[in-house]
2 protein chains.
Amino acid sequence: MAKKIVHSKEDVLNTEAKIKQAAQAVFMRKGYAATRTRVIAEESGINLALINYYFRSKENLFNLVMLDCMKGFIGGLKQILNREDLSLEEKLGEIVAHYLSMFKSQPDLPLFILHEIRHNPNGIVNTLGMKQTLTKSHFYQQLKAEGPPKIDPMHFLMNIIALTVFPFIASPLFKIVGDLDDANYMKMMNDRKKLIPIWMKQMLQK
Amino acid sequence: MAKKIVHSKEDVLNTEAKIKQAAQAVFMRKGYAATRTRVIAEESGINLALINYYFRSKENLFNLVMLDCMKGFIGGLKQILNREDLSLEEKLGEIVAHYLSMFKSQPDLPLFILHEIRHNPNGIVNTLGMKQTLTKSHFYQQLKAEGPPKIDPMHFLMNIIALTVFPFIASPLFKIVGDLDDANYMKMMNDRKKLIPIWMKQMLQK
DNA sequence: GTCTATAATTCGATAGAC
DNA sequence: GTCTATCGAATTATAGAC
């Protein structure tokens, strides 16, 4: 675990970090099979042979990148779920806002992760303790404290994630159907920060 | 390899149809870049060279398959949206049931299409008249007839599709989180046939 | 650590016999 | 229409000089 401490100057990355950064961008944009190591080399400004020197193989590099992506995807969620200063409804708003900003800078991230989960369900996903992250969270306690459940917590979880994530996954489709440009679409996504908590709270009522 | 011994349904198809059928299965399972034409040849039981004889190139074959998939995906929806014997709420139930049975036999279909839309937004999607399919449907008239909109029709559309499709896309994830086997998960999906229309109707109220 | 050159393999596509 | 055999290009990975 002994690693060089990276200072806040982001322009000065070592070779290994440069490769990893570029690899994440290319893998996310093109997927594993369509990614060429030559493109990673070009975008990171390093020599092609150095990819294998630092990471042994394309597959190994991909696994490291994917692990980082999943940790980032879940880590932020975990923090919100466990904030004890927020009500259930406030947490829902925070979750939507969190993924809003995340997908704004990384629009290909959700499909990238969902594709990996589907084609390798017994891979990295299981090692992340997804289940305990949820069931041992402050959020889960709040949900149970709502009294006798008007809605199956599993359905509730599906719905909050579906309403938040899916409009980003299918954004090209909805832009066409709704005749929306990027600015108008982002405005709609911002509106959902307030709307989704309202809809979700309605599901808790009978 | 003995091929013509068993007379199953696939043997009555001509060569072109055999290739197309196998190609759809492989493309959907692996994606375009990870698909090998040799695998298509094996799974369809035909000679490798015949793929190029009938379809000129792998890319051309893919475009035909993708067009079929999208037509199937949208065609069924279009029929439901225009059924004049169903109320708004009944239509919602039919939509969920429709995609439930579709994804049961083709679990990779939604991600396959969403990936194509994202990486080629100006391709096939625009030629299908997605926008008019919706805005000129009987469903859309019913939605407007609900009176002054309590919810933006675009948000309403996003939500019904998100609640229906996303649980299938992310099924491997939810199975892990909820400790569910295939049977239990399908039971949950069946429950959503009744639940989603209820949730959607709540969104229409203030 | 970084580079050039190349090995080793795989893939899409085609030529030509039948 | 279908087959065998193979080409040519592209890709990952490595050997070896510096």
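**Notebook: chains A and B**

I looked up B:Leu48 and found a relative accessible area of 30%, so B:Leu48 is partly exposed (buried means under 20%, exposed over 50%, partly exposed in between, with a 1.4 Å probe and protein chains only). I note that the model is predicted, that local features need pLDDT of at least 70 and side-chain atom pairs pLDDT 80 or more, while totals for chains, interfaces and linings use all residues. Residues are numbered from 1 along each chain as written, chains are lettered from A in the order written, and side-chain values use heavy atoms, without hydrogens and water.

I placed B:Leu48 in helix H3 (residues 48–55) of chain B; helices are DSSP runs of H or I with at least four residues, strands runs of E with at least two, numbered from the N terminus. B:Arg38 is ten residues from B:Leu48 in sequence, and their C-alpha atoms are 6.1 Å apart.

I then turned to B:Lys30, located in helix H1 (residues 15–30) of chain B. B:Lys30 counts as partly exposed because its relative accessibility is 43%.

I examined helix H4 (residues 58–81) of chain B: its 24 residues span 35 Å from first to last C-alpha, close to the expected 34 Å (1.5 Å times one less than the number of residues). Buried residues in H4(B) include B:Phe62, B:Cys69, B:Phe73 and B:Leu81.

Finally, I checked chain A, which has twelve helices and zero strands. Its C-alpha trace spans about 60 × 45 × 35 Å along the principal axes, and 45% of its 206 residues count as buried.
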